[in-house]
Amino acid sequence: MTLWLVLSFLKTRVHSTLSLVVIASCFLLITPHVKAQTVGTATGDQVQRKIGPSGLPLPRFVSFRSGKVNMRAGPGSRYPIQWIYQRRRLPVEIIDEFDTWRQIRDWQGTTGWVHQSMLKGQRSMMITGTVRTIYDDPETTSRPVVQAEAGVIGELESCNIEDWCQVEINDISGWLQRSSLYGSYKGEVFD
């Protein structure tokens, strides 16, 4: 609507060549800036991520700050609630941003909008599949520390180039294969 008003005004008031320059300038001011960022992975593949309006990469993993989080159908409190999550620290993926709202995707692929105040940047993970063994070192021949059932949530400390992630569950720390958890991208390396 704003761009239409600018166009209408310029059409009646300004010379056509000058109006094209002004229109282009106005359009650049109105259009949100989204930059692309290339991120390397452990396998050498290049993953194209864009930078959202917040200045942070999209997509990215975060976790729930609260034990009760409403997922809405759109980016605002006027949209109906689709789901109510009751799992504090549950890892979710931010896939889009609009103002103070974040479009998220959960481990089952369900998408919806959550207010940014319900999310925190601290990484967490959730055990997937069946009962998983957490090891003392990042190799299956090391000493098993504990076994955790699917759905258990813990902190995600780091992930290495060999696809092992260091996790902490109830003050017990160890290593878990990345394929056994939700909360980290394939090939993502961080500490």
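## The disulfide

This predicted model holds 1 disulfide. The bond joins Cys159 to Cys165, with an S to S distance of 2.1 Å. A disulfide is a covalent bond between the sulfur atoms of two cysteines.

If you like to look at the torsion, you will find 105 degrees about the S-S bond, which makes the link of Cys159 and Cys165 right-handed. Are these two cysteines buried or exposed? Both Cys159 and Cys165 are buried.

Now let us turn to strand β4, which spans residues 60-64. This strand is mostly covered, as 5 of its 5 residues are buried.

Which strands does β4 pair with? One partner is strand β7 (residues 91-98), joined in the antiparallel sense over 4 bridges.

## The chain as a whole

Stepping back, the protein chain has 2 helices and 17 strands. It counts 191 residues, and 37% of them are buried.

For a view of the contacts, take those between residues at least 6 apart in sequence: 51% of them join residues at least 24 apart. As for the surface, the protein chain exposes about 11400 Å², with carbon and sulfur atoms supplying 54% of that area.

How values were computed
Residues are numbered from 1 along each chain as its sequence is written. This is a predicted model: local features need pLDDT of at least 70, side-chain atom pairs count only at pLDDT 80 or more; totals for chains, interfaces and linings use all residues. Side-chain values use heavy atoms; hydrogens and water are left out. A disulfide is a pair of cysteine sulfur atoms within 2.5 Å. Buried means under 20% relative accessible area, exposed over 50%, partly exposed in between (1.4 Å probe, protein chains only). Two strands pair if DSSP finds at least two bridges between them. Contact means heavy atoms within 4.5 Å. Accessible areas come from the Shrake-Rupley method with a 1.4 Å probe; for residues, only the protein chains shown count as cover.
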